[in-house]
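Subject: Handover of a structure and its findings

Dear colleague,

Please find below the structure that I am handing over to you.

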Amino acid sequence: MASVADILTTLDYGPAPESAGPVEEWLERHGRSFGLFVGGKWVDAKSGESFETLTPANGKVIGRVAQANAEDVDAAVKAARKALPGWQGLTPHARARYLYAIARGLQRRARFFAVLETMDNGKPIRETRDIDVPLVARHFYHHAGWCQLLPSELPGYAPVGVVGQVIPWNFPLLMLAWKIAPALACGNTVVLKPAEFTPLTALAFAELCADVGLPPGVVNIITGDGRTGAALVNHPDVDKVAFTGSTEVGRIIRESTAGSGKKLSLELGGKSPFVVFEDADLDSAVEGVVDAIWFNQGQVCCAGSRLLLQEGIADAMTAKLRARMETLRVGDPLDKAVDIGAIVAPVQLQKIQELVAKGKDEGATCWQPSWACPTEGWFYPPTLFTDVSPSSTIAQVEIFGPVLVAMTFRTPVEAVELANNTRFGLAASVWSESLNLALDVAPKIKAGVVWVNCTNLFDAAAGFGGYRESGFGREGGREGLFEYLKPAYEKKLPSYEDNDFMLPEPEGGSDIGRGLPPIDRTPKMYVGGAQVRPDAPYVLPVVGEGGRLVGEVGRGNRKDIRNAVEAARKAEGWTHTTGHNRAQVLFYIAENLAAREAELIDRLDAWTGGNRRQSTKRQSVTRPGRREVEATLARLFHWAAWADKYDGAVHHTPFRNVTLAMPEPLGVMGVVCPPEAPLLAFVSLVGAAIAMGNRVVAVPSQRCPLAAVDLYQVFDTSDLPGGAVNIVTGIADELAEVLASHDGVDALWYFGSANGSATVERQSTGNLKQTWVNYGRRRDWFDDEQAAGRELLRRGTQVKNIWVPYGE
């Protein structure tokens, strides 16, 4: 008589198909043809065009959807704009009620949405039923709560306005929820374009919005191909663009929105490492790999597609993995016994096949299970590559399919180097029974999410998003709300005048000392903790009030920026020092600056003419230089105080785990200062950046850089490590363009002209660095809300979420 163990190892699973009847009835009720959802109504596309949507499991047509053109997009944006005042005029509780109603409606229709998603996308019903749809409802529940709490928890912030959202085909309904729920909670209205391969669940969601009585125009759904997405992204009345998709398209969007003033968040590609140390539970790690790379057929931006194995367990892990691959079932995604469904479209299947062939050509060893995939539909078997070089195509390029590449490492240091050997930085998994080791390695991996002894866990309470060419911005959690909010004071900021950026010629004599010729009064650059001469022997005049020459500075160029960036990258120790130590250095800078207070006041007064005006007024009148120096000292104390207090959180995710949200410095930052308040603005920006552990290449006010370069000796005597702050003087927009295009710069803050802001955003597309620009609007640097708020600290950090499970 066979034992239970024998039965479990020999038993073949029979098919367990989910009924598609209710979905088929819904499709027939609509005549298998769908229009656009605009202003709360179903309308025909003005283009008169439509296209088919197919089910990947068999290639059959399941419906036709409208192809929206620019006129359709314009109508949807106008509907969203029209609905905006009414939606924002509702109380937070009223908006929360709508989000709650949507969540309840999703739960009531859960099986319907799961089956429709599987039919349209090709992923297994187990995933849509047990993961996607419950998470969709969870996002609307969670953000209903945030809607209720926003006035008290995030005072001083206002909605962005009309939001254009473009989502991908791999998680059609879940991506919709990630985008729409926080947008509505923050008081925005939405125009969303689903992927052309998978539009049906978004259209079903539109019906749900109508059923719950959501005010017309608050949510608009338009379908179409890339032309529709481009029209939405480029529409002049869209205030914010949220995009999830490929890095290539993300670059195009970054460039096309440059200078428009549109807020932008990008969640792009990935090549995530799955790191297994020799003390890991290998059986658990194998199941983790299954979830990491064969979940959704590997069509996941954060898929653990690079398996990094410590040498001592590489052979054993590979053997276990191959045995497990033999048991995976590929087939009809509506079958509840299937592990891997269908690839979304022939074009994606062809890409996978081409990259696998490339891997073989480059010498890697390819292994696939012995069984064959179904011949009907678009399927691909789970695939494992070994003997892979870290520089090979399949180790560097996102395949976006069920293909895993394995490499080995010896030490934790080497593991981190391999993990970071990618242009992406979205997610990672670390497997070790030693939490000491795992929590030491996790912060060192350049990724927005790190899972410890788990993988592909998501929740509305925890932010998700990447670094580097995986994009910027976060979705979910408190950090995700800021993507749909802006400081309320921004709408009141005045614009600069054109002459604010002009360099006047000296015409009224000179305030430079008389007598014998001076010994080189031109301040040098400050790079790597040393004063260095500029690459080219050119100088810029510093002209004070009345056209009087008050000094000269070197005119920095591309090579000077290159040297400064190299010095900043070498100063990595500043990033790893404690917040307490950074605070002490900032306090020390303030102390040493105070010792030179009189000199700095004279310098500023010479530029503003305050020293001459002072002689004609009562002595009790505060000199402009004194006011700025005193404000600068207070600002240094402010950032010193924050250096060890801007900390993270433990998110309440509904799993047996803790999710640590850790703010991390961005890395090497460029900071281009405004022309006014030359000392205070410099310290406000640079002080915030270094308080958070960033290393800075700063371009001071081009009109009066002398106040900033006077800080060289202050830095030298304040224990600030060489390279933590580097100063390059010159024409602000020239140097900003170089910083924006430099791949060694991780982020750039620019405060200058509208044209300069556009150039910075456009040139940042190389490595998709984070940028913060002012679009030519002038801040009041003496106002603590505008120049000393948490906004600067948030802009100088990115949140890494580390998931740590617990329990036996």
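Let me begin with Arg-603, which is partly exposed, with a relative accessible area of 28%; here buried means under 20% relative accessible area, exposed over 50%, and partly exposed in between (1.4 Å probe, protein chains only). Please note that this is a predicted model, in which local features need pLDDT of at least 70 and side-chain atom pairs count only at pLDDT 80 or more, while totals for chains, interfaces and linings use all residues. Residues are numbered from 1 along each chain as its sequence is written, and side-chain values use heavy atoms, with hydrogens and water left out.

Salt bridges

The side chain of Arg-603 meets that of Asp-710 in a salt bridge, at 2.9 Å from N to O. A salt bridge is a side-chain nitrogen of Lys or Arg within 4 Å of a carboxyl oxygen of Asp or Glu. Arg-603 lies in helix H21 (residues 597–608) and Asp-710 in the loop between helix H25 (706–709) and helix H26 (712–716), so this pair ties together parts that are 107 residues apart in sequence. Helices (H or I, at least four residues) and strands (E, at least two) are DSSP runs, numbered from the N terminus. Asp-710 counts as buried, at 10% relative accessibility.

Helix H21 also holds Asp-602, which is partly exposed at 43% relative accessibility. From C-alpha to C-alpha, Asp-602 and Thr-653 are 56 Å apart in space, and they are 51 residues apart in sequence.

How many salt bridges are there by this rule? The count comes to 37. One of them joins Asp-283 to Lys-320, with the closest N and O atoms 2.9 Å apart. Because Asp-283 lies in helix H11 and Lys-320 in helix H12 (residues 311–327), the pair ties together parts that are 37 residues apart in sequence. Asp-283 counts as partly exposed at 47% relative accessibility, and Lys-320 is partly exposed with a relative accessible area of 34%.

Glu-791 and Arg-779 form a further salt bridge, in which the closest N and O atoms are 3.5 Å apart. This pair links distant parts of the chain, 12 residues apart: Glu-791 is in helix H30 (residues 790–795), and Arg-779 is in the loop between strand E31 (770–773) and helix H29 (784–787). Are these two residues buried or exposed? Glu-791 counts as buried at 4% relative accessibility, and Arg-779 counts as buried at 8%.

An open sheet of 10 strands has mixed pairing and the order E14-E15-E16-E13-E12-E17-E18-E32-E26-E25. Strand E14 (365–367) and strand E25 (649–651) stand at its edges with a single partner strand each, so one side of each is left without a neighbour in the sheet. On average, neighbouring strands of this sheet are turned by 25° against each other, direction ignored. Two strands pair if DSSP finds at least two bridges between them; strand E15 (residues 383–386) and strand E16 (residues 403–409) run parallel and are joined by 3 bridges. The bridge partner of Phe-385 in E16 is Val-405.

Helix H11 (residues 282–293) packs on this sheet, touching strand E12 (273–276), strand E13 (306–310), E16 and strand E17 (427–431). Contact means heavy atoms within 4.5 Å. The direction of H11 makes about 175° with that of E12; axes are lines fitted to C-alpha atoms, for helices over the stretch in contact, and angles run from 0 to 180 degrees between N-to-C directions. Helix H13 (residues 346–361) lies across E14, E15 and E16, running at about 25° to E15.

The sheet of 3 strands

Another open sheet is formed by 3 strands in the order E1-E5-E4, with mixed pairing. Its edges are strand E1 (33–34) and strand E4 (50–54), each with a single partner strand, so one side of each has no neighbour in the sheet. E4 pairs with strand E5 (residues 61–66) in the antiparallel sense over 5 bridges, and Leu-54 stands opposite Val-61 in E5. Helix H8 (residues 200–211) packs on the sheet and touches E1, E4 and E5, its direction making about 65° with that of E5.
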